[in-house]
Amino acid sequence: MLEIANLSKVYKTGDKALIEVDLSVPKGQIMGLIGPSGAGKSTLIRCINRLVEPTSGKVLLGDVDLVQLSNRSLRSQRRRIGMIFQEYSLIERLTVMENVLSGRLGYVPFWRSWTRRFPSQDIQRAYQLLDRVGLLEHCDKRADALSGGQRQRVGIARALTQGPELLLVDEPTASLDPKTSRQIMRLLTEICTERNLPAIVNIHDVPLAQQFMQRIVGLRAGKIVFDGHPKALNEETLTAIYGEEDWNPSREEAEL
Amino acid sequence: MRPSDAYPNYWRKPPQILTHRQWRIGIQLAILAYLILAGASIEVDWQRVAMGLERGQRFIMGFLQPDFSSRWRDISQGLIESLTMTLTSTVIGVIISVPIGIGAARNLTPRPVYLVCRGIIAVSRALQEIIIAIFFVAMFGFGPFAGFLTLSFATIGFLAKLLADDIEEIEPGQADAIRATGATWWQLINYAVQPQVMPRLIGLSLYRLDINFRESAVIGIVGAGGIGATLNTAIDRYEYDSAGAILLTIIVIVMLAEYGSGYIRKLVQ
C-alpha cells in the first residue's frame, strides 16, 4: 500500500532528520514507530503527506509518487491520507461538527465550505462517524468545550471523514492519561481493522505500542534500526533504538 | 554533595545587557550627564508661564460652566460629521486592511506579496494622522471627506499590522491539520486562520473605532471637518464655555465607546 524508498530529509539548519529510509506498509497493517525524541519520527510521517518537504527519495501510495506532485495534485492526494495529531489540533473555536466536516474540505468547492453547506452524504457520513466514536450528542458543542479524550475522538472522526486509504497518527496519546490512552488506542486499532486501513502510529510509550501494534519500527538518528514483531522487543533491541538504559521494569521488586 | 557551608551563601543576578563593569558604569554616567545638560538647556520664561496660567484658569472656568445651548447647532453638526467620518472610515479601513493583513503574514503568503503588503503598512504607519490630514485637505479641500480619507488610511496601517502579527502567531498545528485534509489556500484561511484571529480582529476594529473618533477631533483642527473644526472655531473666538461643552461631549462619547467595545469584546471570546 505504502512504499517509502531512499527517503532523506535534511533541514535548512543542516540537521539530517532522515537518512535513506526504506519502509513498506501493507494494507490493513497497524505499524508503531518508536524512537527517542529527535530521531525523525514526526519528520517521517510528515514527509508522507508533505507537511514537511522531503529532500530526496520516493513515497509511493498505491502507484502515485507523492514526492513528485505539483501543489494541485498534492492536495487531491492528501485526501487519501488521514492525519491525527498529538495535541488534537482541532479548530478550538469551531463546533465539533465543523471540525469533523473539515475532513471533506479537499472534496468540496470553496463556497460550500465557506457557507458550511456540505453535501448531504458528507453530513450523513459525519454523523455516522461521530456516532462511531461516541460523540453524537456533542456535535454542536465548541471543540474547546470537550475533554482531552473526547477531542482526540473528534480528531479521529475528522481523519476518517476524508475516506482515507492510510492513517498517519502522530503521538495520539501524548497528552492523555493512561486509561484514556488505552481507550483511544483501542478505538484506533478497532477502526483500522474494521476498514482494513493501514496506519503509521508515532508513539513514545513502548508498553502501549507493544499492546496495540502489529509491527514495530524503531528509528534512531534518522535510520531504521529495528523492524519486527512487538514481541521481538527486548533489552537488546531497545538499547539499539534508544541507547543504554536499564530496561527491566521489575528490578526493584526483584531486589525485595 | 558537600556539607552545606561549603557552598556560597550569596548570589546576585548577573547584569543582562552590559557585562563589562567599567563600560556599564561609564555609560550610566554619560546618560546622567546628558540628562542634566539637556535639562539645563531648556529656557523657561516665567513671565509667559504666569500669563499662560491665567489664560488656562479662564479656560478651566469655562470648562466648569459649559455652554451647550448658544452654539448647539454648530456642535451637533460637528458631532454628526465626526461620527459619520468615524464609522465610515473604520468600516472601509477594516475591509481594506483584512486582505493586506493576510498578505503581510509570513506564514501564509509568498515572499513578494509579503514584502509589498508590509511596505503598504510601513507607509501608512510612518505618516502621522495630522500630516496625512494636511495632505488630503490640500488635495480635496476643507471638510469631512478629507477626514474620512485620513482616518481610513491610518486604520489600514494600524489594523493590517496587528492582524498580520496575530496571524503569524496562530497555532501551526491547527493549520497543519486543515492542510492535511487537502484543503485549498482559501479553505485554510477560512477554517484554520479565521476562527483563531476573529475575536482579536473584532476587538481591534472596535478599539480602532474609539481611536478614529478621538482622531476625528484632532484632525478637524487642520481643516478636516467634524467636531475638531467646531472646537477650533470656539477656541479662536475665545468662547471657552462652548469649547468646554465640546470637550465634555467628546469625553462622554469616548467613554461610551470604551465601555461598549469592552462589553462586545467579552462576548466574542
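Me: Which residues is A:Val201 in contact with, leaving aside its neighbours within four places in sequence?
Reply: Those are A:Ile30, A:Met31, A:Gly32, A:Leu33, A:Val169, A:Pro172 and A:Met213. In contact means that the C-beta atoms, placed from the backbone, lie within 7 Å. Keep in mind that this is a predicted model, where local features need pLDDT of at least 70, side-chain atom pairs count only at pLDDT 80 or more, and totals for chains, interfaces and linings use all residues. Residues are numbered from 1 along each chain as its sequence is written, with chains lettered from A and ligands numbered from 1 in the order in which they are written.

Me: OK, and how far apart are A:Val201 and A:Gly32?
Reply: In space, 4.8 Å from C-alpha to C-alpha, though 169 residues apart in sequence.

Me: Is A:Val201 buried or exposed?
Reply: A:Val201 is buried, because 28 other C-beta atoms lie within 10 Å. The cut-offs are 20 or more for buried, 12 or fewer for exposed, and partly exposed in between, with C-beta atoms placed from the backbone.

Me: Switching topic: how is chain A divided?
Reply: Into domain 1 (1-80 + 166-245) and domain 2 (89-163), with bounds from an automatic or database domain assignment. Their centres, taken over C-alpha atoms, are 25 Å apart.

Me: How many residues are in contact between those domains?
Reply: 14 residues of domain 1 of chain A are in contact with 11 of domain 2 of chain A.

Me: And what about chain B and chain A?
Reply: There, 17 residues of chain B are in contact with 21 residues of chain A.

Key: Two residues are in contact if their C-beta atoms, placed from the backbone, lie within 7 Å.
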